[in-house]
Amino acid sequence: MVARTERTDVVLVGGGVMSATLGVFLKELEPSWNIILLERLDKVAQESSNPWNNAGTGHSALCELNYAPAGPDGTVSAAKALNINEQFQVSRQFWASLVEKNILTDTSFINPVPHMSLVFGEEHAKYLAARYDSFRKEKLFERMQFSTDRDKIAEWAPLTVKGRKGNEPMAATWSPEGTDVNFGFLTEQMVAYLQTKGVEVRYGYQVTNLNRESNGSWQVEATNRLNKNEALSINAKFVFLGAGGGALHLLQKSGIEEGKGYGGFPVSGLFLCNTHEATANQHNAKVYGQASVGAPPMSVPHLDTRYVDGKRALLFGPYAGFKTNFLKQGSVLDLPKSLRLHNLYPMTRAGLDNFSLVKYLLTELLQNKNARLETLHQYYPEADGGEWELIEAGQRVQIMKKDPKKGGILQFGTEVVSAADGSIAALLGASPGASTAAPIMLNLLKQCFPAKMAGWEPRLKELVPGYGVKLNDNPDLADELMAHTAKVLGIHN
């Protein structure tokens with residue numbers, strides 16, 4: 001089997017929201033560049049970006065308590081949460097610009113859904129009050145409300161209070177500017193636009209190898225998963241590995257020094273889903289609680305309003321699990337095949353420091369439906385188990401990497417790993433992921449194309465009007481841009 005070598009400027013590996021976002025940026029900044037997108041499945045957005053493979057939360061740190069843990073003295077810092085919110089504002093601005101340019105023609109990918117934090121017990125209520133006191137001083141969190149009154153909490157999220165027995169203290173915060181996002185539909189629209197601009201999308205192609213050429217370009221080898229006799233060999237000046245959990249294997253195939261020491265720990269997830277319209281219409285919020293001791297941040301329990309394909313539903317979970325595949329439609333050999341001499345020690349050290357996570361995963365794996373419903377009843381006391389269906393979410397591969405002090409650490413965020421010459425980059429990690437795709441890709445552009453950034457800046461400011469500005473430090477601009485993006489995206493609250 002001989003593959004004819006093609007030449008292009010850019011190869012995007014993976015048909016998810018990250019590749020789509022980067023593709024749009026590059027086409028807007030360099031219209032003449034030729035781009036090829038390779039997707040191993042027969043459609044885009046079928047792994048992490050698929051709406052049923054994630055919670056659809058527009059992650060802006062309004063409700064996610066893990067972004068603002070209490071310090072030893074009980075105080076809470078809003079710094080990390082502000083950084084997450086600032087990133088989401090960049091995504092909002094980018095999406096609104098694409099709507100105004102008719103790149104995104106249907107705004108139903110995003111819907112207004114208030115974000116809530118809900119805790120139980122005096123100590124947790126005390127923490128939430130401290131968090132609220134810290135957050136309410138910041139511009140980006142100024143609309144947040146706090147209450148320990150059950151009637152008020154019932155007004156925000158009736159299902160969480162109705163039928164609740166006992167007088168256990170409750171506390172909640174409520175933020176009206178929260179959103180639910182269908183990242184799959186968002187991705188589909190961006191890829192459809194890219195195709196109108198000449199971007200070639202090749203479905204069914206699995207990248208099998210990456211080789212650096214003497215001139216600094218990359219030879220990308222791929223085979224057709226449905227027809228092994230069909231192969232591609234593409235010479236590209238720049239390669240982006242945006243293949244979700246599959247990006248680690250591809251980074252390793254590239255052999256770049258910057259990828260040494262990275263490993264991955266796969267975590268699978270399950271959700272309980274309720275598509276009964278009468279029930280779903282009683283709840284309009286994403287209600288986030290607190291993670292169990294030892295649980296990863298992505299396993300924080302939450303009761304969510306979802307909008308998928310124009311229909312409203314409820315989602316509760318996630319219930320964590322463990323599989324050795326790095327993609328939902330991947331191989332059980334993914335984890336063992338990722339082991340290398342250079343990442344064994346960091347992975348071992350990270351594992352030794354995370355026994356509580358292993359214990360948590362084992363506990364989750366042993367849960368039956370009744371145990372899962374018991375957790376649901378903590379947030380929705382009168383939930384009818386017969387209305388809820390267990391669905392499998394997407395795979396998440398948490399980063400394990402070298403650490404000068406600990407030898408190796410498990411990291412729960414996202415990270416761009418790029419070659420020193422900027423010719424190839426990979427996105428590793430999970431949450432907040434899709435919600436912050438725009439700022440992540442902007443950072444990638446800075447890492448990989450530093451010489452072009454000055455020339456690109458005017459166009460970037462058109463795509464992201466607040467580019468380079470912290471909205472929290474500029475109240476008037478924050479009011480202007482948040483009001484404008486809300487109007488354009490149809491997410492007034």
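Is E200 buried, partly exposed or exposed? Select E200 to begin: this residue is partly exposed, at a relative accessible area of 37%. Buried stands for under 20% relative accessible area, exposed for over 50%, and partly exposed for what lies in between (1.4 Å probe, protein chains only).

The model is predicted, so local features need pLDDT of at least 70 and side-chain atom pairs count only at pLDDT 80 or more, while totals for chains, interfaces and linings use all residues. Residues are numbered from 1 along each chain as its sequence is written, and side-chain values use heavy atoms, with hydrogens and water left out.

**Stop 1**

The term salt bridge means a side-chain nitrogen of Lys or Arg within 4 Å of a carboxyl oxygen of Asp or Glu. R202 is buried, with 14% relative accessibility. By this rule the model has 19 salt bridges.

**Stop 2: K237 and D9**

Next, select K237 and D9, a salt bridge whose closest N and O atoms are 3.2 Å apart. K237 sits in strand β11 (residues 231–241) and D9 in strand β1 (residues 5–13), so the pair ties together parts 228 residues apart in sequence. Helices (H or I, at least four residues) and strands (E, at least two) are DSSP runs numbered from the N terminus. K237 is exposed at 58% relative accessibility, whereas D9 is buried at 14%.

**Stop 3: D479 and K139**

Now go to D479 and K139, where the closest N and O atoms of a salt bridge are 2.7 Å apart. D479 belongs to helix α14 (residues 475–489) and K139 to the loop between α3 (122–135) and β5 (145–147); the two are 340 residues apart. D479 is partly exposed at 40% relative accessibility, and K139 is buried at 15%.

**Stop 4: a network**

Select E28, K101, R459 and E462 together; salt bridges link them in a network.

**Stop 5: helices α2 and α12**

Finally, show helix α2 (residues 79–100) and helix α12 (residues 437–448), which pack at about 95° with axes 6 Å apart. This makes α2 roughly perpendicular to α12, a term for angles of 65 to 115 degrees. Axes are lines fitted to C-alpha atoms, for helices over the stretch in contact, and angles run from 0 to 180 degrees between N-to-C directions.

Which residues of α2 meet α12? They are Q87, V90, S91 and F94, and they meet A437, A438, P439 and L442; contact means heavy atoms within 4.5 Å.

Definitions and conventions:
Angles under 35 degrees count as roughly parallel, over 145 as roughly antiparallel, 65 to 115 as roughly perpendicular and the rest as oblique.
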